[in-house]
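I opened this notebook to record what I looked up in the structure shown below. The entries follow the order of my reading.

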Amino acid sequence: SLESIEPVRFPDSFLESEFTTWRDARTEGVKYRERFVIEKMQEMHGYEVYDREMEYIPYGSKKYQLEVGDVYDGENKKMFVIKIGSPRDFGYAFDQAMLMLHNTRGNKFKVGTETEVVINTVTILLLFKSERTFEKVTDTKSIIFELKLDELRKLAIEKGVKLEIQYSTII
């Protein structure tokens, strides 16, 4: 059940003022908030960046792009999917994680033609735009959030992968 998922506060918070300084100093590349968070996580924790790394997944007669994840903690074999917003915005993160898990073989996900990452844990990092406590995943009072999370929870169990929900702020 969803009660088995205990949200954990991510150790870092992110400041809007730091984002603005980072964005204004960039002369190239993307300048959105999630990318700022991803680069901070890489800088502070040494995680590998997979944001915008696409894998092409065949479905029927077509191939579709699938974003792998956002950052990868190779030491702990943990793939992070990051989303900023409110509970109604977080469904995309669950969808992204489910697509990634659907396309794992064993606990491995192939990125490109040469790289294979081992995923023991999928961590959804939810970044709220205001300070809040998040003691239970059902505290969101969003049925869509809960339904999507429950679907992801069941898939993680089926694939033998641990699911974590972490949260922080960008204020």
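**Entry 1. Terms and conventions.** I take two strands as paired if DSSP finds at least two bridges between them. Helices (H or I, at least four residues) and strands (E, at least two) are DSSP runs, numbered from the N terminus. I note that this is a predicted model, in which local features need pLDDT of at least 70 and side-chain atom pairs count only at pLDDT 80 or more, while totals for chains, interfaces and linings use all residues. Residues are numbered from 1 along each chain as its sequence is written, and side-chain values use heavy atoms, with hydrogens and water left out.

**Entry 2. The sheet.** I began with strand β9 (residues 121–128) and strand β10 (residues 162–169), which run parallel and are joined by 8 bridges. Within this pair I located Leu-125 opposite Gln-166 of β10, and Phe-128 opposite Thr-169 of β10. I then looked up β1, which runs parallel to β10 and is joined to it by 2 bridges; there Arg-9 has Tyr-167 of β10 as its bridge partner.

I traced the whole as an open sheet of 6 strands with mixed pairing, in the order β1-β10-β9-β6-β5-β2. Since β1 (8–9) and β2 (48–49) stand at the edges with a single partner strand each, one side of each is left without a neighbour in the sheet.

**Entry 3. Helices on the sheet.** For contact I use heavy atoms within 4.5 Å. Axes are lines fitted to C-alpha atoms, for helices over the stretch in contact, and angles run from 0 to 180 degrees between N-to-C directions. I find helix α2 (residues 33–45) packed on the sheet, where it touches β2, β5 (71–73), β6 (78–85) and β9. The direction of α2 makes about 145 degrees with that of β6. Helix α3 (residues 91–102) also packs on the sheet, touching β6, β9 and β10, and its direction makes about 165 degrees with that of β9.

**Entry 4. α1 against α2.** At what angle do helix α1 and α2 pack? I read about 95 degrees for α1 (residues 16–25) and α2, with their axes 10 Å apart. That makes α1 roughly perpendicular to α2, a label for angles of 65 to 115 degrees. From α1 the contact draws on Glu-16, Glu-18, Phe-19 and Trp-22; from α2 it draws on Arg-33, Arg-35, Phe-36, Glu-39 and Lys-40. By class I list 3 nonpolar, no polar and 6 charged residues in this contact. Here Ala, Val, Leu, Ile, Met, Phe, Trp, Tyr, Cys and Pro count as nonpolar, Asp, Glu, Lys and Arg as charged, and the others, Gly among them, as polar.

Entry 5. Buried means under 20% relative accessible area, exposed over 50%, and partly exposed in between (1.4 Å probe, protein chains only). A nonpolar core is a set of buried Ala, Val, Leu, Ile, Met, Phe, Trp, Tyr and Cys residues joined through side-chain atoms within 4.5 Å. In the largest nonpolar core, of 32 residues, I find that Val-122, Ile-124, Leu-149 and Ile-165 touch the most other members. Two or more residues come from each of β6, α3, β9, α4 (143–159) and β10, and α3 gives the most, with 6 residues.

I looked up the contacts of Val-122, leaving aside residues up to four places away in sequence; among them are Met-79, Ala-97, Met-100, Leu-101 and Leu-163. Another core, of 16 residues, lies apart from the largest one and includes Phe-10, Trp-22, Phe-36 and Ile-82. Because 7 of the 8 residues of β10 are buried, β10 is largely enclosed by the rest of the structure.

**Entry 6. Single residues.** I place Thr-104 in the loop between α3 and β7 (108–111). Thr-104 counts as buried, at 3% relative accessibility, and touches Phe-109 and Lys-159, residues up to four places away in sequence not being counted.

Most residues other than glycine have a negative phi. Lys-77 has a positive phi of about 55 degrees although it is not a glycine. Lys-77 lies in the loop between β5 and β6 and counts as partly exposed, at 30% relative accessibility. Lys-141, also not a glycine, has a positive phi of about 55 degrees. I find Lys-141 in the loop between β9 and α4, where it counts as exposed, at 75% relative accessibility.

Methods
Angles under 35 degrees count as roughly parallel, over 145 as roughly antiparallel, 65 to 115 as roughly perpendicular and the rest as oblique.
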